[in-house]
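This report describes a protein model for a reader who has not seen it before. Please look over the sequence and the structure first.

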Amino acid sequence: RQKRAAAVVTRRGTMATGTRSARAGNPFANQQTMSGEGTAGGSEFADYEAEKELCKTFLSTFARTGALDGTLGGLKYMDQLQDVANRARQVLEISLDDVLSLSSLDLEEALEQDNLAVAGDEWSRFARNVRDNTRRYLTLFADAADELMPAPTSAFEGTEDVFDVLMRQRQYAEQDNAQQMATYGLPTQTAEQNQTGDGSNPAGPGAANAADAANRVPRDLLRRYEVKIRPATGGVALGSSKARASQAVPLREVRAQSIGQLVTVRGIATKVSEVKPMLQVGTYTCESCGFEIYQEVTGNAYMPLCECPSNRCKVNNSPGKLLFQTRGSKFVKYQEVKLQEPADEVPVGNIPRTMTVQMKGELCRQIRPGDAVAVAGVFLPVPYTGYRAMRAGLIANTYLEAQCVE
């Protein structure tokens, strides 16, 4: 009996130890507590709806009187949105200096992550979140700008372009689709309900006609502007010595912990590629039912669609062939730049390192070979694709998605 009792105690201790070690090694073991359900302290995850409202508040209320350039009068970003609506501007540039100007702290204290004194300052926290998760906040600022976009106040020069004609026809087609769905008593879904992480439609009561809702025009196809985020430099030029000393990171010190963050590097452009069109939203048309499908492309490679997913073709049991519409798709200008670290940052006896910088949109053709530039952008990974991915395994390339160049 004593031996059996000792064995039971030993097993219980081993199971408890294994449970503790499993919880320590599994980040999802305490997922209920992390989501705020097991503690009274609330959720530790970011509320992006609240962050989007904060973006809207900043864009709609920031006045030039608080800007560092000293100009007076008017709402800075609402004026930029008005120029975008009047088609006189194509870039909406968000400056983190303007965000930090609303904070009661100086630049160094506001951007310090480990400083507990800035925990109660909302705008300094917002600026740090934008700097550390720039890719997400680019989307949030774009969605906020879409909701705040004012009506045009001036007539456009010239006649309508191809984009205007296509957008008007797509709106007519979307209205006809909504009328048909209402006539036959089919449930309708909103644009937010139709969008999922992988671009597919959620299953449910309206899954039979979910593919018909997939022809909603994506927001990227409706936008005629770009959103760029400018890092905080204290009001000085990005390439100045003061900005380099405070914000610029040496190229060889940009490491894995900087992935997803807004970083500033200096270097010399050694190779500049030619400007090429890059597909952002692909448009397909079914040759059988005339169904129009949109495919958003977020990376450097994608798989073209082949079969029509509309409910009409499924009912007929004959999926139609999709035809790619070049003029109905959206392309952006794309250019690659090889940036080499300057000679004053290279240790003695070492080889200068290089970094790939991707320029998109209006940033193209701003750098020529041999230029000494300061580039601020988002440091991101690029995984291998195809056969190279099988050989590389978990290894990925990295690049800098440029936001501003000086």
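Does Ser258 count as buried or exposed? Ser258 counts as buried, because its relative accessibility is 12%; buried means under 20% relative accessible area, exposed over 50%, and partly exposed in between (1.4 Å probe, protein chains only). Ser258 lies in the loop between helix H12 (241-246) and strand S3 (262-272). Leaving out residues up to four places away in sequence, Ser258 touches Val263 and Phe379, where contact means heavy atoms within 4.5 Å.

This is a predicted model, in which local features need pLDDT of at least 70 and side-chain atom pairs count only at pLDDT 80 or more, while totals for chains, interfaces and linings use all residues. Residues are numbered from 1 along each chain as its sequence is written, and side-chain values use heavy atoms, with hydrogens and water left out.

**The chain as a whole**

The protein chain has 14 helices and ten strands. Helices (H or I, at least four residues) and strands (E, at least two) are DSSP runs, numbered from the N terminus. Of the 406 residues in the chain, 35% are buried. Among contacts with a separation of 6 or more, 67% join residues 24 or more positions apart. The chain exposes about 23800 Å², and carbon and sulfur atoms supply 51% of that area; accessible areas come from the Shrake-Rupley method with a 1.4 Å probe, and for residues only the protein chains shown count as cover.

H4 is largely enclosed by the rest of the structure, because eight of its ten residues are buried. The buried residues are Lys76, Tyr77, Met78, Gln80, Leu81, Gln82, Val84 and Ala85. Their cover includes H3, S1, helix H5 (96-101) and H8.

Just after H4, Arg87 takes a positive phi of about 60°. Most residues other than glycine have a negative phi. A positive value is also found at Arg365, where phi is near 65°. Arg365 is in the loop between strand S8 (354-360) and strand S9 (372-383). Arg87 counts as partly exposed because its relative accessibility is 35%, whereas Arg365 is exposed, with a relative accessible area of 58%.

**Helices H3 and H7**

Two packed helices are described by the angle between their axes and the distance between the axes. The axes of helix H3 (residues 48-61) and helix H7 (residues 122-132) come within 12 Å and cross at roughly 110°. Axes are lines fitted to C-alpha atoms, for helices over the stretch in contact, and angles run from 0 to 180 degrees between N-to-C directions. H3 is therefore roughly perpendicular to H7; angles of 65 to 115 degrees count as roughly perpendicular, under 35 as roughly parallel, over 145 as roughly antiparallel, and the rest as oblique.

On the H3 side, Glu51, Leu54, Cys55 and Phe58 meet Glu122, Trp123, Arg125, Phe126 and Asn129 of H7. The residues of this contact divide into five nonpolar, one polar and three charged. Ala, Val, Leu, Ile, Met, Phe, Trp, Tyr, Cys and Pro count as nonpolar, Asp, Glu, Lys and Arg as charged, and the others, Gly among them, as polar.

**Further buried residues**

| Residue | Relative accessibility |
|---|---|
| Asp143 | 12% |
| Cys308 | 5% |
| Gly361 | 4% |
| Cys404 | 3% |

Asp143 is part of helix H8 (residues 134-148). Not counting residues up to four places away in sequence, Asp143 touches Lys52, Arg219 and Arg223.

Gly361 lies in the loop between S8 and S9. Apart from its neighbours within four places in sequence, Gly361 is in contact with Glu226 and Lys333. Gly361 and Val275 are 86 residues apart along the chain, and their C-alpha atoms are separated by 9.9 Å.

How many disulfides does the structure hold? The structure holds zero disulfides, a disulfide being a pair of cysteine sulfur atoms within 2.5 Å. Cys308 is in no disulfide, and the nearest cysteine sulfur, that of Cys286, is 3.7 Å away.
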